[in-house]
Structures are given as structure tokens and as C-alpha cells.
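Subject: Structure handover

Hi,

Here is the structure I promised to pass on. My notes follow below it.

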Amino acid sequence: ILLGLQTPTKGSFYIDNYILCKNGTSNNMLIKSWQKYLANVPQNIYLSDTSIAENIAFGINPKDIDYKKINEVAEKSILMEFINQTKFGFNTIVGEHGMMISGGQKQRIGLARALYKESKFLILDEATSALDNYTEQVVMDAVKNLDKKITIIKIAHRLTTIKDCDKIFLLDNGELI
């Protein structure tokens, strides 16, 4: 619902004073406008069988990739150490669905992709649930050190993932506690 991919069956979804959805009906123009401000890092990152740079700048024509920006977001997402260890750097091919890299490297590419988009809202939807504790901490430290102008919404089952949040909301059986 927050991403504008589903509509609530009852109730309303507001952003500021604008109603995006009400009782199962959506305002598609407002939803599209809202989505421009969002970046999502899901639990399972989709990676194409292309380079690290192309996966970070996903959807951008390879000749239009801003490599200065790629470097910046790779630094912020703690990806540079891995990139510097590869033979081809940002041109390293990740394999189909990222099969040639680790889960932590996939998540960091996903985070870099979200940062490349320069969104105002970053949604981390179980973004670290498949990672070991050490790698999760590295990724969460990277998130914690992001620009404070970005609003970060973390959706997680592990309390360690959300321990540094300003506000924590608990959902239990579909109800906000």
C-alpha cells in the first residue's frame, strides 16, 4: 500500500492532505506522483545478468550512466571494497539473478540502486532478513550513515534491524499496536 502497488480494501491512504486511496479506489495520478519520491529495497533484489554499474543504475541506458553518482552511492552502500577487489570494477558481471555474488553484495547493490534514484523516501522491506548477523550489521550501519534528509522506513521481523529507528510501530495480526 505504501508503495502504491496495492490499494486498501477499506479505509484511506493519505500523503499530507492528499487521498491516494480510499475504500479500494485509487487516484492513479497521485499514486504515480507519490512513487517518484520512493525507492524500495526488498528482501529479494532483482539483478540482471549485466554489470554492477548497470544494476545500480537499473533502467538507465548504459551510455547515460552517471559514474560519479555510481561511485558516490557505492561508497554510501559500503560496496566499494568489493568492487575494488574485482578484476573489472563496476563492469563486473553479476550473473543471472546475481548468482556470481554473495547475498550481502546483492543487498548492497540494491541499496546503491535505491540511492542512485535520489528518492526522498527509502523503504527497506525485509532488506536484510536473508543476511547473516555480521553482514546485516554492515548494511544497517551504511543505512544509519545516510543523509538525514532521506526518510527511511524499515519493515522487519528482527528487532536488531529496527533498533536505531526514531519510531517503531508494531503490527500484530493486521492491527497497529
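Start with Leu-122. Leaving out residues up to four places away in sequence, Leu-122 touches Ala-39, Val-41, Leu-111, Ala-114, Leu-146, Ile-150, Thr-151, Ile-152 and Ile-153. Touching, or contact, means heavy atoms within 4.5 Å.

Before going on, note that this is a predicted model, where local features need pLDDT of at least 70, side-chain atom pairs count only at pLDDT 80 or more, and totals for chains, interfaces and linings use all residues. Residues are numbered from 1 along each chain as its sequence is written, and side-chain values use heavy atoms, with hydrogens and water left out.

**The cores**

Leu-122 is also among the residues with the most contacts inside the largest nonpolar core, alongside Ile-52, Ile-56, Leu-79 and Phe-90. That core has 35 residues. A nonpolar core is a set of buried Ala, Val, Leu, Ile, Met, Phe, Trp, Tyr and Cys residues joined through side-chain atoms within 4.5 Å. Buried means under 20% relative accessible area, exposed over 50%, and partly exposed in between (1.4 Å probe, protein chains only). Helix 5 (103-116) gives the largest share of this core, namely 6 residues. Another core, of 9 residues, lies apart from it and includes Leu-3, Phe-13, Trp-34 and Ile-123.

Helices (H or I, at least four residues) and strands (E, at least two) are DSSP runs, numbered from the N terminus.

**Helix 3 and what follows**

Lys-69, Ile-70, Val-73 and Ala-74 are buried in helix 3. They sit on the same side of the helix, because they cover an arc of only 135 degrees around the axis. The arc is taken from the directions from the helix axis to the C-beta atoms. Helix 2, helix 4 and helix 5 are among the elements covering these residues. The face turned away carries the exposed Lys-68 and Glu-75.

Ser-77 lies in the loop between helix 3 (67-76) and helix 4 (80-85). Is Ser-77 buried or exposed? Ser-77 is buried, at a relative accessible area of 0%. Its side chain reaches the backbone oxygen of Val-73 at 2.8 Å. Beyond its neighbours within four places in sequence, Ser-77 contacts Arg-108, Leu-111, Ala-112 and Ala-142. Just after helix 3, Ile-78 takes a positive phi of about 55 degrees.

Best wishes

Technical notes:
Polar contact = N/O pair within 3.5 Å; in protein donor to acceptor, adjacent residues only side chain to side chain.
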